[in-house]
Amino acid sequence: MKNSILLIITTLMFNLSYSQETYFTRFFIKEKFKTEYGNDVNLVQDVEVSFEDLSIKKRKEYIEIIEKNRGGELKVDKKIGELTIQETITIPAKGESIDYDKLLKDVKFKTQKNITINGKKKSYVKFEKDKVIVNPWLTINGNQDKSISRELYYYKLENRQKISLRFKELSLSGLTIPLKYRFKNSDKDLKEQFGTSFNANLFVGWTFYGKRSFMYRKNVENRSNTFRATFGGFLGASTVKLNNSNTKLSNDPIQEDTEITEGLASIGLGFNFAFNKLNFGIFVGWDYSVGENADKWNYNKEPWIGLALGYSLLKI
């Protein structure tokens with residue numbers, strides 16, 4: 001009965017080994033990135049400004065548009081108090097003088113403003129088309145203004161441009177540790193042992209260093225790579241077959257030609273390193289035999305080092 005219950009629990013935990021739940025993921029954003037291809041990538045925000053507040057470059061661009069439409073009409077957004085309405089303005093014909101500041105006095109122009117960041121700013125991010133959208137964690141604006149800041153920012157990438165953001169997060173995942181090295185203990189006349197076994201473990205970890213890259217590739221699928229270094233603890237379940245060989249140190253070893261299967265409960269700590277779906281982990285743990293003959297096992301409660309190497313142990 002005990003072994004059946006252990007088998008059910010083990011099977012359920014094994015199914016978790018191909019999935020991961022993450023919590024409290026926080027990316028740390030920067031004001032500017034210098035990239036290998038194209039211009040620098042700035043963190044920007046969409047804003048509406050008047051003609052006189054535009055940069056010289058932008059003013060020239062809009063003047064060229066007006067000059068091309070001499071004698072015609074343009075539909076523009078105008079700001080009247082708190083309202084923004086669409087209006088049609090008539091452009092003087094060729095040869096007539098134009099006072100651009102007067103003509104465009106109430107027109108609102110959509111442009112981008114570079115964002116200044118003081119210190120590390122925690123944010124959620126999403127990669128969409130040519131933009132890495134940034135939604136900062138809610139903060140209070142200053143000592144006098146107590147309103148909540150809810151602005152959205154973004155990085156706009158050119159074709160083949162790539163930026164990388166660091167992050168931290170809490171994760172809950174399943175994993176297996178198939179390779180275990182059990183230490184030698186001269187005081188107990190215990191020999192070292194290296195072996196493989198089936199086991200399933202529930203791992204709770206803190207990604208203390210994470211880095212995700214975002215590359216925009218025009219008209220084809222974007223590319224994103226993720227590296228994680230995670231430290232945490234695990235709780236696992238497996239089985240062990242007790243026989244005369246691995247119970248010799250007991251006062252009442254298992255008789256020869258007899259084999260008994262007992263359950264094992266495992267606890268421990270370790271590091272997991274992941275690049276996309278490829279994972280490598282190193283762990284230190286202890287196995288506790290469960291059952292009537294638990295104390296007979298030579299390695300009961302003895303420490304071990306385990307290695308885990310696999311594909312999609314943590315789902316990225």
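This report describes strand pairing, salt bridges and a charged surface patch in a predicted model.

## Strand pairing

Strands S16 (residues 226–242) and S17 (residues 260–275) run antiparallel and are joined by 16 bridges. Within this pairing, Ala-237 stands opposite Ala-265 of S17.

S17 also pairs with strand S18 (residues 278–290), in the antiparallel sense and over 13 bridges. Ile-267 has Trp-286 in S18 as its bridge partner. Two residues separate S17 from S18 in a hairpin, and Asn-276 in the turn has a positive phi of about 55°.

## Salt bridges

The count of salt bridges comes to eleven. One of them joins the side chains of Arg-228 and Glu-169, at 2.6 Å from N to O. This pair links distant parts of the chain, with Arg-228 in strand S16 and Glu-169 in strand S12 (residues 162–175), 59 residues apart. Arg-228 counts as buried because its relative accessibility is 4%; Glu-169 is likewise buried, at 2%.

Asp-287 and Arg-182 form another salt bridge, their closest N and O atoms being 3.0 Å apart. Asp-287 lies in strand S18 and Arg-182 in strand S13 (residues 179–182), so the contact ties together parts 105 residues apart in sequence. Both Asp-287 and Arg-182 are buried. Lys-180, Arg-182 and Asp-287 belong to one network, joined by salt bridges that share partners.

## Surface charge

Lys-30, Lys-120, Lys-162, Arg-166 and Lys-211 form a positive surface patch. Of these residues, Lys-211 is located in strand S15 (residues 199–215). Lys-211 counts as partly exposed because its relative accessibility is 36%.

Note on methods: Residues numbered from 1 in each chain as written. Predicted model: local features only at pLDDT ≥ 70, side-chain atom pairs only at ≥ 80, totals over all residues. Heavy atoms only, no water. Patch = residues over 30% accessible without salt bridge, like charges linked within 9 Å, V, L, I, M, F, W, Y side chains within 5 Å. Areas by Shrake-Rupley, 256 points an atom, 1.4 Å probe, with all protein chains shown as cover. Salt bridge = Lys/Arg side-chain N within 4 Å of Asp/Glu carboxyl O. Lys, Arg positive; Asp, Glu negative; His and termini not counted. Charge placed at Lys NZ, Arg CZ, Asp CG, Glu CD. Helix = DSSP H or I, 4+ residues; strand = E, 2+ residues; numbered from the N terminus. Buried < 20%, exposed > 50% of the residue type's maximum accessible area, 1.4 Å probe, protein only. Pairing = 2+ DSSP bridges.
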